[in-house]
Amino acid sequence: MCGILFSVAASEQDDQTCASINELFLKLQEATAARGPDVQQTLSYDVQQLRLTFCASELRLRGDAFVQQPHTDSAGNVLCWNGEVFEGLEIASSENDGARLFEELRMCQDPSDLVRVFGQVEGPYAFLYYHKSSNRLYFARDPLGRRSLLIHYPDVARSYLLLCSVSIGPHAGYSLEEVATEHIYSIDFNALASSKELLDLRSCIHHIPRAPDGLALPFAHPYPVNRSLPENPPKVTSLESIPLHLRDAVDDLIAQMDRSTMLRVRNIPRRNDGIGGQARVAVFFSGGIDSTVLAFLADRHVNPDEPIDLLNVAFENPRKIAVKVEGNVGGLPKREKKQKRREPLDYSTVEVSYDVPDRLTGLQELEELRRLRPNRTWNFLEIDVPFEESQKARATVEALMFPSRTVMDLSLAIALYFAARAVGHVRPHPGAEARPYTSPARVLLNGLGSDELLGGYGRHRTAFKAAGWQAVIDELQVEIDRIPTRNLGRDDRVISSWGKETRHPFLSLSVVNFLAQLPVHMKMDPRLESGLGEKLLLRLAARKLGLVEASSRKKRAMQFGSHSARMAPGEGDRKGDLLLDRQRLLDT
């Protein structure tokens, strides 16, 4: 994984503009280096009265040796690569995937060649590629948007282009937005030079289709959802036995997920110290079905002598504590309620507990994993976050997640921030003394995606009640369509700030396409009770793997399971889509 930073500005600028750009670029460079702490490099080129500046940092997770970015060659081509190639290119375990991809791109003569290369590559990525002979810059994110790439377009006050993996929060020097995933984009610098105005840059950006007509590319887009309507399919009455009509689908899902997980945990280089026996893989672990299945499958492919770290985060939540101590003040008159919330909470009679829902289910699943895989060392990392510490980190987290800036964004981002930091305590066995532990793992598995693909949300059941199977199919298609616009870029910015990389086995395009092609009734059944009907196929697969407790566990959102949502007294009625700036006004 890497960090990318790129700018285009006029070669000659007045002193004030030049100083402003340099000040902003230095701050972004520092944030970019945090993503890739192993190697960093910055290169600048003057092209037709324009200054092109490429900066990249490297987190070495592939190959035998450090590879410096940006990748360059004698012809003047430049690649900044932030991603992983898991399928589509033959890459030896000793090779760096960015260097291997650069070899392919150097052979591209026109945009259609470049489209073919990326349409056959599966993995999370964002990239910039400068093709010297055509004087064009290409840039894009993968079709699901699993890596962050932000853009600032030139305007009157800030006449430069920025492309970056990172954010430093709200800043007068830019207006950032996520790069959309529908196309691969290119900037024609010859056309831009002829216009003589950087403000005309938008008109020089070409939108290149990922899958031109007649070109079959396996990873250009996620497949559309199978729209065949079931005719009164048989109901599954229990997870104890797999019905005949679902047996092949269950086996295929296990095979798909096993392969996806294997591709994401193999050949991870050891840390610089080369010490064996340290964890190289960790799992964001709530004890839910998604994270438990990933931990179980990772065990099949991680060196048996190494631990797997299970990252379980819990927050001290004064709002929850206040309800326990004082009761729910929501029913009091408005003035009295406001006064009550301003009074400091008396902690003298309160024992702060981190036994949040995710901690309790995580411990239960830890024991199930230990029973099924007793030869593995499972480090269940208890990451306890006091309220004061979470509030001190809030400004940092808000800067990292920007331009995402809602109450829900913060609730999710702050949980991921502390989970990825991975500082806490472990216990060798239940009841043992807790000892401090910091996970050395730099690859973090994340179970995101299963709810969207397998019908795990309550809204899928609501859609069925309103309009039957057709409504569920429509809703599942919407879920896939909006994966790139939801929160993957935000999560990438937050997690990678610790010099670590998150990988999503459920969001392999191979898995996404496999599940999209299955008829809806093979994935879920909203006619069945909660804890059975949603993600039915995954529940049957988990039960077949022996994960009895995990297979029947109901969904719980991370921000509620960890108590990272609405932590301060008075925030209980704040809606998730409320902008943080608006929340601050309401709190004054």
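Let me begin with strand E1, residues 2–10, which pairs with strand E3 in the antiparallel sense over 9 bridges; strands here, of at least two residues (E), and helices, of at least four (H or I), are DSSP runs numbered from the N terminus, and two strands count as paired if DSSP finds at least two bridges between them. Before I go on, please keep in mind that this is a predicted model, in which local features need pLDDT of at least 70 and side-chain atom pairs count only at pLDDT 80 or more, whereas totals for chains, interfaces and linings use all residues. Residues are numbered from 1 along each chain as its sequence is written, and side-chain values use heavy atoms, with hydrogens and water left out.

Staying with E3, which spans residues 50–58, we find on its other pairing that strand E2, residues 39–47, also runs antiparallel to E3 over 9 bridges. If you want individual positions to look at, Ser7 stands opposite Thr53 in E3, and Tyr45 has Leu52 of E3 as its bridge partner. The hairpin of E2 and E3 has 2 residues between the strands, and there Gln48 takes a positive phi near 50 degrees.

Now to the aromatic residues. Rings of Phe, Tyr and Trp (for Trp, the six-membered ring) are taken as a pair if their centres lie within 6.5 Å, and planes under 30 degrees apart count as stacked, over 60 as edge-to-face and the rest as tilted. By this rule there are 15 aromatic pairs. Phe118 and Phe127 are a stacked pair, because their ring centres are 4.1 Å apart and their planes stand at 10 degrees. Phe118 counts as buried because its relative accessibility is 1%, and Phe127 does so because its value is 0%. Phe285 and Phe380, by contrast, form an edge-to-face pair, at 6.3 Å centre to centre with 85 degrees between the planes. Phe285 lies in the loop between strand E13 (281–284) and helix H6 (289–301), and Phe380 in strand E15 (residues 378–385), so this pair ties together parts that are 95 residues apart in sequence. Both Phe285 and Phe380 are buried. Ring pairs also link Phe6, Tyr45, Phe54, Tyr130 and Phe189 into a cluster.

Next, the arginines. A charge sits over a ring if NZ of Lys or CZ of Arg is within 6 Å of the ring centre and within 35 degrees of the ring normal; Arg60 has its charged end over the ring of Phe66, 5.3 Å from the centre, and Arg202 lies over the face of Tyr153, 3.7 Å from the ring centre. Arg503, in strand E19 (residues 501–503), is buried, with a relative accessible area of 2%. Which side chain makes a polar contact of 3.3 Å with that of Arg503? The partner is Glu84, and a polar contact is a pair of N or O atoms within 3.5 Å, where within protein one must be able to donate a hydrogen and the other to accept it, and residues adjacent in sequence count only if both atoms are side-chain atoms. Leaving aside residues up to four places away in sequence, Arg503 touches several others, including Phe86, Arg264 and Asn446, with contact meaning heavy atoms within 4.5 Å.

Helix H2, residues 97–106, has Asp97, Gly98, Arg100, Leu101, Phe102 and Leu105 as its buried residues. Among the elements that cover these are helix H3 (111–119) and strand E6 (125–131).

Finally, the cysteines: a search of the whole structure finds 0 disulfides, a disulfide being a pair of cysteine sulfur atoms within 2.5 Å. For Cys55, the closest cysteine sulfur is that of Cys80, at 7.7 Å, which is too far for a bond. Cys55 is buried, with a relative accessible area of 4%, and Cys80 counts as buried at 0%.

Key. Buried < 20%, exposed > 50% of the residue type's maximum accessible area, 1.4 Å probe, protein only.
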